[in-house]
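I opened a notebook page for this chain and wrote down each thing as I looked it up. The entries follow in that order.

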Amino acid sequence: MTDKDSPGPDPTALDIQPAASGTNTASTPGSDVVVASELLPLSLNLLPLHHRPFFPVQTIPIVLDEEPWLSTIQAVGEPAHKVIGLVFTEPGDDDPPPIDRFRKVGTAARLRSAKREGGKIQVVVEGLQRFRIERWLNAQPPFVAQVQHLGEEHHIDNDETRAFGMAMLSTLKELLPLNPLYNEELKLFLERFSPNQPSFLTYFA
């Protein structure tokens, strides 16, 4: 195949790629998602979530309207800044919502990919670590806030934690017959984390 015959770049894809290995992350036993708080940006572009909160350890697709969220995704896609903040907002009819409907605590997430199609943007995000909004820097899209990243209890090895962890897993397994996807998600979780990591087990639950 000649260069002339080669397909050109996908015009629907936004210029957002995963960060290079080692950027903004710190590894701990049993996890490749844990983030060192001091390496995460202290100001984040924020997206509101209207249906349910988003937690660390999750990786999900989110579909957004280009208007008014394209500017936010483009801002996050700058070369040195590929972390976005996802915050649950109180229900309402207005989009974008006013900042007083944003909850105070959200989740910093790695923006893995973004693609435009038919007036929509589909992004894939990977939850990293919780944060608290300290101060709003921009109260209109693209929303920007100064944040404080919240630490996690990554690994607690004692009998009580193990007992609670196994009890939670036993309850979660009762959900497996309801949806086959739960079985795959539980398998993936157990490959990356252990019942002795209470924060991540709680987020998964």
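**Entry 1: a term, and valine 57.** I wrote down the cut-offs before anything else: a residue is buried under 20% relative accessible area, exposed over 50%, and partly exposed in between. The model is predicted, and I keep that in mind for every entry. I then looked up valine 57, which has 12% relative accessibility and therefore counts as buried. Valine 57 sits in the loop between β1 (43-49) and β2. Its phi is near 75°, which is a positive value in a residue other than glycine.

**Entry 2: the whole chain.** How many helices and strands does the chain have? I found four helices and six strands. Along the sequence they come in the pattern β-β-α-β-β-β-β-α-α-α. The chain has 205 residues, and 38% of them count as buried.

**Entry 3: salt bridges.** The count of salt bridges comes to six. I looked at some of them in turn.

Aspartate 65 and lysine 120 meet through their side chains in a salt bridge, at 2.3 Å from N to O. Why does this pair tie together parts that are apart in sequence? Aspartate 65 lies in strand β2 (residues 59-65) and lysine 120 in strand β5 (residues 120-138), so the pair ties together parts 55 residues apart in sequence. Aspartate 65 has a relative accessible area of 30%, so I noted it as partly exposed. Lysine 120 is at 38% relative accessibility and also counts as partly exposed.

Next I looked up arginine 116, which forms a salt bridge with glutamate 66, and the closest N and O atoms are 3.2 Å apart. Arginine 116 belongs to strand β4 (residues 105-117) and glutamate 66 to helix α1 (residues 66-76), so this pair ties together parts that are 50 residues apart in sequence. With 28% relative accessibility, arginine 116 counts as partly exposed.

I then turned to arginine 101, which forms a salt bridge with aspartate 94, with 2.5 Å between the closest N and O atoms. Aspartate 94 has a relative accessible area of 36%, so it is partly exposed.

**Entry 4: helix α2.** I looked up the span of α2, which has 15 residues. From its first C-alpha to its last it reaches 21 Å, close to the 21 Å expected at 1.5 Å a residue. Which residues of α2 are buried? They are Thr161, Gly165, Leu169 and Leu172. Seen down the axis of α2, these buried residues fall within an arc of 65°, so they line one face of the helix. The face turned away from the buried side carries the exposed residues Asp159, Glu160 and Phe164. I also checked what covers the buried residues of α2, and the cover includes α3 and α4 (198-204).

**Entry 5: a surface patch.** I went on to the loop between α2 (159-173) and α3 (180-192), where leucine 175 is found. Leucine 175 has a relative accessible area of 38%, so it is partly exposed. Together with Leu178 and Tyr182, Leu175 forms a nonpolar patch on the surface, and the accessible area of the three is about 300 Å².

**Entry 6: glutamate 185.** Glutamate 185 has its place in helix α3. At 44% relative accessibility it counts as partly exposed.

**Entry 7: cis peptide bonds.** Where does proline 96 lie? I found it in the loop between β3 (83-88) and β4. The peptide bond from aspartate 95 to proline 96 is cis, with omega near 10°. A cis peptide bond also joins proline 141 and proline 142, and there omega is about 0°. Proline 142 is in the loop between β5 and β6 (144-149).

Definitions and conventions:
Residues numbered from 1 in each chain as written. Predicted model: local features only at pLDDT ≥ 70, side-chain atom pairs only at ≥ 80, totals over all residues. Heavy atoms only, no water. Patch = residues over 30% accessible without salt bridge, like charges linked within 9 Å, V, L, I, M, F, W, Y side chains within 5 Å. Areas by Shrake-Rupley, 256 points an atom, 1.4 Å probe, with all protein chains shown as cover. Salt bridge = Lys/Arg side-chain N within 4 Å of Asp/Glu carboxyl O. Helix = DSSP H or I, 4+ residues; strand = E, 2+ residues; numbered from the N terminus. Buried < 20%, exposed > 50% of the residue type's maximum accessible area, 1.4 Å probe, protein only. Expected span 1.5 Å × (residues − 1). Arc of directions from axis to C-beta. Contact = heavy atoms within 4.5 Å.
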